[in-house]
Amino acid sequence: MGLLRKPNTRHVVEPNYPATCSVVYARNNLITADIQSALNKCGPGKAVQLSSNGSMNTFLSGPLNMPSGVSLLIDKGVILKAINNASAFDNGKKTCGTINGDGQGCNALITFNNSNNAGIYGEGIIDGQGNTVLNDKMTSWWDLAQNAKIGGNQNAPRLIHINNSQNITLYKITLKNSPKFHVVFYKSNGLTAWDTTIDTPANARNTDGIDLLSSRNVTVAYSNISTGDDNIAIKAKPNSGPSRDMSFIQNSFGAGHGLSIGSETIDGVYNIDVNGLIMNGTDNGLRIKSDKSASGEVASVNYNHVTMSKVKNAIVMDTVYENKSGSTKANWHDITYNDITVKGNSTIIFNGTNAAKPLQATMIDMHLPTNINWKIINNKVQKYT
């Protein structure tokens, strides 16, 4: 697999497993305290290893906080499961497992906060149990999300939340059935997700694969993502800073809403490189989305060597995504599509209704079906065969 460099400014290579500081063995009851104790005692640069114990291979846990410099190593065949109890994840607002407020009432299963040089490694599985009935609510996290469609925000845990951190690694791990977003990388610098699998059903609402919010220096490589919302979302939240310098190399997407930039782009998204992406059955393909509420500049985005099959909207640049009110204008330019193959019925949408000036896109070596549907408003598209 080798070395990856641009546009990520870090020197990125395939990760190595860290040395183990201690081993925690599976048992039949809740084991949160044992795992947390081992993490707290572990030295920087090392990992706590979760291993099977005879026929027992499942760890049942509530929220875990990752100390700076310390990693988690989950053995092949081992499953770390989130306990199916909403109160265990409540962060003090007494709203976890309900539909109200800002949707921020729960702690994540695993949190990196102000952490450096840490990560999650191993060929094991982290299962959020989003489809399992909660013991204290008599509903599942995913049912809660469906109920919130008629109004309100579901308060549900993220699987992994990374905040104000540097150089975090996800390597060979499988993530599935998150109650809400699988991975959130917020106001942080340096994420490597390498040979990572996210596998969650298409009907699991709000289960984004990897959300990259106002962060920089990200590499997602050789990974497979199927989920119920954006496979990857890149956002620049208001007053939080831009998102920039990100590489997406040789990934595969199944179910999901595609590789999305937005909807919040108000603080700017810059220097994004997608190379070697395969998408099969994804609702959307390569999408940039925003509206008057949170549009900003998006520039220097390059999509190269992408193949899409059975994708409803292959390419989207949409400035009226949810048609929310506001005063911001989109300024999206220097967007290049090179060697893009689309198989099956699909649509290309360039909607620059809310753009400060016509959207700019360059298309080179495009392989499109003859019946592809074009929808173009206020956009300058340069096509080269």
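**Aromatic pairs and salt bridges in the predicted model**

Tyr337 is buried, its relative accessible area being 0%, where buried denotes under 20% relative accessible area, exposed over 50% and partly exposed the range in between (1.4 Å probe, protein chains only). The structure is a predicted model, in which local features need pLDDT of at least 70 and side-chain atom pairs count only at pLDDT 80 or more, whereas totals for chains, interfaces and linings use all residues. Residues are numbered from 1 along each chain as its sequence is written, and side-chain values use heavy atoms, with hydrogens and water left out.

A search of the whole structure returned six aromatic pairs, a pair being two rings of Phe, Tyr or Trp (its six-membered ring) with centres within 6.5 Å, classed as stacked when the planes are under 30 degrees apart, edge-to-face when over 60 and tilted otherwise. The rings of Tyr303 and Tyr337 are stacked, because their centres lie 4.9 Å apart and their planes meet at 15°. This pair links distant parts of the chain, 34 residues apart, with Tyr303 in strand S27 (residues 297–309) and Tyr337 in strand S29 (residues 331–343); strands (E, at least two residues) are DSSP runs numbered from the N terminus. Tyr303, at 0% relative accessibility, likewise counts as buried.

Tyr337 also pairs with Phe350, and since the ring centres are 6.4 Å apart and the planes stand at 65°, this pair is edge-to-face. Because Tyr337 lies in strand S29 and Phe350 in strand S30 (residues 347–351), the contact ties together parts that are 13 residues apart in sequence, and both residues are buried. Elsewhere, Tyr17, Tyr121 and Tyr171 form one aromatic cluster.

Salt bridges, defined by a side-chain nitrogen of Lys or Arg within 4 Å of a carboxyl oxygen of Asp or Glu, number 10 in the model. One of them joins the side chains of Asp245 and Arg216, with an N to O distance of 3.0 Å, and it links distant parts of the chain, 29 residues apart, Asp245 being in strand S22 (residues 243–249) and Arg216 in strand S19 (residues 216–221). Asp245 is buried at 4% relative accessibility, whereas Arg216, at 33%, is partly exposed. Together with Arg244, these two residues are linked in a network of salt bridges.

A further salt bridge connects Asp102 with Lys93 (3.4 Å, N to O); Asp102 is partly exposed at 46% relative accessible area, and Lys93 is partly exposed at 43%. The side chains of Glu322 and Lys324 also meet in a salt bridge (3.1 Å, N to O), with Glu322 partly exposed at 41% and Lys324 partly exposed at 43%.

Definitions and conventions. Helix = DSSP H or I, 4+ residues; strand = E, 2+ residues; numbered from the N terminus.
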